[in-house]
Amino acid sequence: MRKPIMGGNWKMYKTAREAVQTIEDLRERMEGVEEIEVVVFPPFTVLGLAEKILRDSSIGLGAQNMHWEAGGSYTGEISAPMLVDLGCRYVILGHSERRRYFGESDERVNKKIKSALTFELIPVVCVGETLKERKEGSFKRVVETQLNLCLKGIGPEEAERMVIAYEPVWAIGTGVTATPEQAEEMHSFVRELLAKLFGEDLADSMRIQYGGSVKPQNIKELMREPDIDGALVGGASLDASSFARIVKYGE
Ligand code: PEP
């Protein structure tokens, strides 16, 4: 059985004071929630504060990006061991905003995944097609290429610790969600690809999150699909009450 995982990606939002308020609020709302893995991904600047509030809670902490080297002359960058040192267990890699605005390639994502795994972080690896690619009908090929390149050289014992996030770019921050059928079609396709890479048993145990305008109003129907194992939530995770409702499937 795959334990559902819900992640809140805060992107470049929240000052320290705002973040502390939201995390304290979320911690209270998540008390007693054990059947779902909940993770918040605040900006780098508040990871240390978040760790203090989340210590001894069931909510996990993650970063939104990292560099592939453990250390070096890379001004402005942060490495996997630095994230571990701050109490992170997860890291989002290959988010479409990183790909689009910062030129992040699949090859770089691959190096980052390897570094994250070396330092025992759980990578949340994002893949997904643009609107143009969806319209042209090349979306499956695009996602297959992303996945194959991002996961190149990664063995089954490492893959076991990874989470994949299928995030169609046309659904991120647009208010347009993939229908449950569209999402399920892609999730089962991604699982087939994972089976080709790592074998069926392992693919069956790996979690695939859906991301793209998830809200309390649409989570329940998405989670009914057999291959959707959780959500990576942007905008609707900024508010503790809305994120908590998503974790509770809209209740
Ligand atoms: C995201 O940033 O990963 C995301 C899915 O954003 P949103 O929920 O706002 O579409």
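**Entry 1: the model.** I am working from a predicted model. I keep that in mind for each value below.

**Entry 2: the ligand shell.** I started at the ligand. How many residues are around the ligand? I find 14. Which of them come nearest? They are Lys 11, Glu 167, Gly 173, Ser 213 and Gly 234. I then sorted the shell by class. Eight residues are polar, four are nonpolar and two are charged.

Entry 3: For Lys 11, a polar side-chain atom lies 2.7 Å from a ligand oxygen atom. For Glu 167, an N or O atom of the side chain is 2.7 Å from an oxygen atom of the ligand. Gly 173 uses its backbone: an N or O atom there lies 2.6 Å from a ligand oxygen. Next I checked cover. The ligand has 290 Å² of accessible area on its own, and the protein covers 96% of that.

**Entry 4: helix 1 and helix 2.** I moved on to helix packing. Helix 1 spans residues 16–29 and helix 2 spans residues 47–54. Their axes come within 10 Å and cross at roughly 25°. Angles under 35 degrees count as roughly parallel, so I log helix 1 as roughly parallel to helix 2. Their crossing is right-handed.

**Entry 5: helix 5 and helix 7.** Helix 5 covers residues 106–118. I read an angle of about 40° between helix 5 and helix 7, with the axes 8 Å apart. Helix 5 and helix 7 are therefore oblique to each other. What is the hand of the crossing where helix 5 passes helix 7? I note it as right-handed.

**Entry 6: helix 7 and helix 9.** Helix 7 runs over residues 139–150, and helix 9 over residues 180–198. The two axes come within 11 Å. They cross at roughly 40°, which makes helix 7 oblique to helix 9. Helix 7 passes helix 9 in a right-handed crossing.

Definitions and conventions:
Residues are numbered from 1 along each chain as its sequence is written. This is a predicted model: local features need pLDDT of at least 70, side-chain atom pairs count only at pLDDT 80 or more; totals for chains, interfaces and linings use all residues. Side-chain values use heavy atoms; hydrogens and water are left out. A residue is near a molecule or strand if one of its heavy atoms lies within 4 Å of it. A polar contact is a pair of N or O atoms within 3.5 Å; within protein, one must be able to donate a hydrogen and the other to accept it, and residues adjacent in sequence count only if both atoms are side-chain atoms. Accessible areas come from the Shrake-Rupley method with a 1.4 Å probe; for residues, only the protein chains shown count as cover. Ala, Val, Leu, Ile, Met, Phe, Trp, Tyr, Cys and Pro count as nonpolar, Asp, Glu, Lys and Arg as charged, and the others, Gly among them, as polar. Axes are lines fitted to C-alpha atoms, for helices over the stretch in contact, and angles run from 0 to 180 degrees between N-to-C directions. Helices (H or I, at least four residues) and strands (E, at least two) are DSSP runs, numbered from the N terminus. Angles under 35 degrees count as roughly parallel, over 145 as roughly antiparallel, 65 to 115 as roughly perpendicular and the rest as oblique. A crossing is left-handed if the near helix is turned anticlockwise from the far one by less than a right angle, and right-handed if clockwise.
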